[in-house]
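Please look through the sequence and the three-dimensional structure below before reading on.

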Amino acid sequence: ADGGPHPEKQLTLMNVRVIRFLAGEDRASWSIAGDQFYVDFDLSHANLPIGSNLEIGTARIEVTAAPHRGCAKFAQRFGKDAFAFGRSAEGLAARARGMNARVVRAGVVRRGDRLRKVSVGEG
């Protein structure tokens with residue numbers, strides 16, 4: 001409302017298998033999806049309900065309720081079928097397009113750091 005960043009959309013995470021399927025093996029092309037982290041982790045609502053906490057490096061993040069459904073740029077870059085799948089019931093349940101998170105504890109994150117679930121939210 002104040003024009004500042006949305007507190008529930010500080011970070012976005014996308015499953016590496018999904019981006020690899022859409023953009024191929026060339027990691028340089030992954031960045032056009034616009035996410036900060038590409039992780040080999042189950043991002044589904046079943047595994048990570050809203051409020052779940054994750055640690056990556058020395059940082060802790062929390063899964064937020066703000067949906068990450070993609071935008072017109074995503075549809076333009078990866079096609080209407082990829083966009084539609086991300087917004088389908090299955091795609092939304094799996095968070096195929098990714099998920100939003102907020103920073104609970106700032107820290108240092110390096111490429112290759114493990115992502116681990118430290119608490120499960122209420123959903």
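Predicted model: local features only at pLDDT ≥ 70, side-chain atom pairs only at ≥ 80, totals over all residues.

Residues are numbered from 1 along each chain as its sequence is written, and side-chain values use heavy atoms, with hydrogens and water left out.

**Overall fold**

- The chain contains 4 helices and 6 strands, where helices (H or I, at least four residues) and strands (E, at least two) are DSSP runs numbered from the N terminus.
- Followed along the sequence, these elements come in the pattern β-α-β-β-β-α-α-α-β-β.
- The radius of gyration of the chain, taken over C-alpha atoms, is 14 Å, close to the 14 Å that the globule rule (2.2 Å times the number of residues to the power 0.38) gives for 123 residues, so the chain is as compact as a globular protein of that length.
- Along its principal axes, the C-alpha trace of the chain spans about 35 × 30 × 30 Å.
- Of the 123 residues, 38% count as buried, a word that here means under 20% relative accessible area, whereas exposed means over 50% and partly exposed lies in between (1.4 Å probe, protein chains only).
- The chain exposes about 7,400 Å², with carbon and sulfur atoms supplying 52% of that area; accessible areas come from the Shrake-Rupley method with a 1.4 Å probe, and for residues only the protein chains shown count as cover.
- Among contacts (heavy atoms within 4.5 Å) with a separation of 6 or more, 72% are accounted for by residues 24 or more positions apart.

**The largest pocket**

- A pocket is defined on a 1 Å grid over the protein atoms alone, as an open set of points where a 1.4 Å probe fits, with protein on both sides within 12 Å along at least five of seven lines.
- The largest pocket holds about 440 Å³ of space, a volume being the space filled by probe spheres set on the points, which are joined across faces, edges and corners.
- Its lining consists of 18 residues, of which Phe 37, Tyr 38, Val 39, Arg 111 and Gly 112 lie nearest the centre of the pocket; lining residues have an atom within 4 Å of a point.
- The elements that give two or more residues to this lining are α1 (16-23) and β2 (37-39), and β2 gives the most, with 3 residues.
- By type, the lining residues divide into 9 nonpolar, 2 polar and 7 charged, where Ala, Val, Leu, Ile, Met, Phe, Trp, Tyr, Cys and Pro count as nonpolar, Asp, Glu, Lys and Arg as charged, and the others, Gly among them, as polar.

- Glu 90 has its place in helix α4 (residues 89-94), and it counts as exposed, at 55% relative accessibility.
- Arg 95 lies in the loop between α4 and β5 (99-105), where it is buried, with a relative accessible area of 7%; its phi is near 55°, a positive value in a residue other than glycine.
- Gly 98 is also placed in the loop between α4 and β5, and it is buried with a relative accessible area of 4%.
- Leaving out residues up to four places away in sequence, Gly 98 touches Leu 13, Met 14 and His 68.

- Lys 9, in the segment before β1 (11-15), counts as partly exposed at 44% relative accessibility.
- Although Lys 9 and Arg 102 are 93 residues apart in sequence, their C-alpha atoms are 6.2 Å apart in space.
- Apart from its neighbours within four places in sequence, Lys 9 is in contact with Ala 66, Asn 100 and Ala 101.
- Gly 51, found in the loop between β2 and β3 (53-56), counts as partly exposed at 24% relative accessibility.
- Not counting residues up to four places away in sequence, Gly 51 touches Glu 62, Val 63, Ser 119 and Gly 121.
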